[in-house]
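Good morning, colleagues. Please look at the sequence and the structure as they come up, and I shall then take you through some selected residues.

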Amino acid sequence: MGLKKILDNMKPTFSEGGKLSAFGSLYDAMETFFYVPNETSKVRGAQIHDAIDSKRSIFFVIIAMIPAILFGMYNIGYQHSLAVGCDCGMFEQFLYGLGVMIPKIIVSYAVGLGIEVAIAQYKKEEVHEGFFVTGMLIPMIVPVNCPLWIIAVATAFAVVFAKEVFGGTGMNIFNPALVTRAFLFFAYPAMMSGDQVWINKNYMDCINGTLNSGYADGFTGATPLGQLAAGEPVTYSAMDTIIGTIPGSIGETSFIAIMIGAVILVWAGIASWKIILGTFVGGAAMAYLLPYAGAENFEWWEQLTVGGFAFGAVFMATDPVTSPRTEGGKWIFGLFIGALAIIIRVLNPGFPEGMMLAILLMNVFAPLFDYFFVQSNINKRAKRAAK
């Protein structure tokens, strides 16, 4: 009650005509962060008809990402210790990863939220809460060695050209976080591919001072998908790919951590289990029918545990703004994403990942899936009415 009273007393200062009215949108964002508003949102686009508002739903997504975030921080230190020959403990490896990850999160939120607040204030609208998720997703889908200035440029590009030009949250047709990755992939390919981008080689000193400047014998920084695309045998076991102790984007390596997030999202009713299951079914079917040539030690089901497949299925494909609304459309949407991702992986070595392009392409077709299912229901009702 004390905080509520303080906010109520501050409100006139930030309201139109007040001394700090120029920061009214920022005040509104802070107020609605702590308390659910008692008025209907004026923003067009996706609306949630539930006991909680969209901002609270978004926080559930962030909670679901926590296992993948925490493991990603540990894996940063683990992969780095392998690369430079450090005999560090798990806690030291996690602290190292935390130190690497925090600046990326700060840059992502500072740039993205700064642009969102400025645009909201200019348009005299409330701050769209969608970037709370996007701002966390961006650091999780980039290589650990990606420079901060590139993350800043890509984040600004995605917020402006993948979101605000369409009208803001609820109006965009592409997932902003995936547009960020696509921008990085095509604008700075050297920073998004290659063996060494997955190792934080800019930092050659360990927390406990036991690192040396050389690489450990037999260590390779190539991801499993990179090895497959190059026609090389995969040097990681199936258990490595499930646990996540492999090189890769920060939040995408641990299949277990991602599945924990999936359970949270489905349990909370935030994500569609039909899209998630459809993506895995489509991917599994295509991986079984279209295996990698010469990959005898790589089973078809491992396609679902490496790269960004699981992360994309759980946190990207289920975006309520850019995915279908109809129940049948969700199944088709997921099946096509999974199948297309595997097709790109296996048949086009230039794009060893595939998940990013598959989701972005299906974002375009999501309204079409909804149209066909809605039109089908209309025709069925018309036929029943005519009898």
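I shall speak about the salt bridges and then about one asparagine in a loop.

This is a predicted model, in which local features need pLDDT of at least 70, side-chain atom pairs count only at pLDDT 80 or more, and totals for chains, interfaces and linings use all residues. Residues are numbered from 1 along each chain as its sequence is written, and side-chain values use heavy atoms, with hydrogens and water left out.

Let me begin with the charged pairs. How many salt bridges does a search of the whole structure find? The search finds 5, where a salt bridge is a side-chain nitrogen of Lys or Arg within 4 Å of a carboxyl oxygen of Asp or Glu.

One of them pairs E252 with R181, and their closest N and O atoms are 3.3 Å apart. This pair links distant parts of the chain, 71 residues apart: E252 sits in the loop between helix 10 (238-243) and helix 11 (255-267), while R181 belongs to helix 7. Helices here are DSSP runs of H or I with at least four residues, numbered from the N terminus. Buried means under 20% relative accessible area, exposed means over 50%, and partly exposed lies in between, with a 1.4 Å probe and protein chains only.

I turn next to E327. K274 forms a salt bridge with E327, with 3.0 Å between the closest N and O atoms. Here too the pair links distant parts of the chain, K274 in helix 12 (residues 273-289) and E327 in helix 14 (residues 327-347), 53 residues apart. E327 also forms a salt bridge with K330, at 3.3 Å between the closest N and O atoms. K330 and E327 both lie in helix 14, 3 residues apart, about one turn of the helix. Through shared partners, K274, E327 and K330 are joined into one network.

Finally, the asparagine. N172 is found in the loop between helix 6 (148-161) and helix 7 (176-187). With 6% relative accessibility, N172 counts as buried. Leaving aside neighbours within four places in sequence, N172 is in contact (heavy atoms within 4.5 Å) with A162, K163, F166, V321 and T322. A polar atom of the N172 side chain lies 2.8 Å from the backbone oxygen of F174.

Note on methods. Helix = DSSP H or I, 4+ residues; strand = E, 2+ residues; numbered from the N terminus. Polar contact = N/O pair within 3.5 Å; in protein donor to acceptor, adjacent residues only side chain to side chain.
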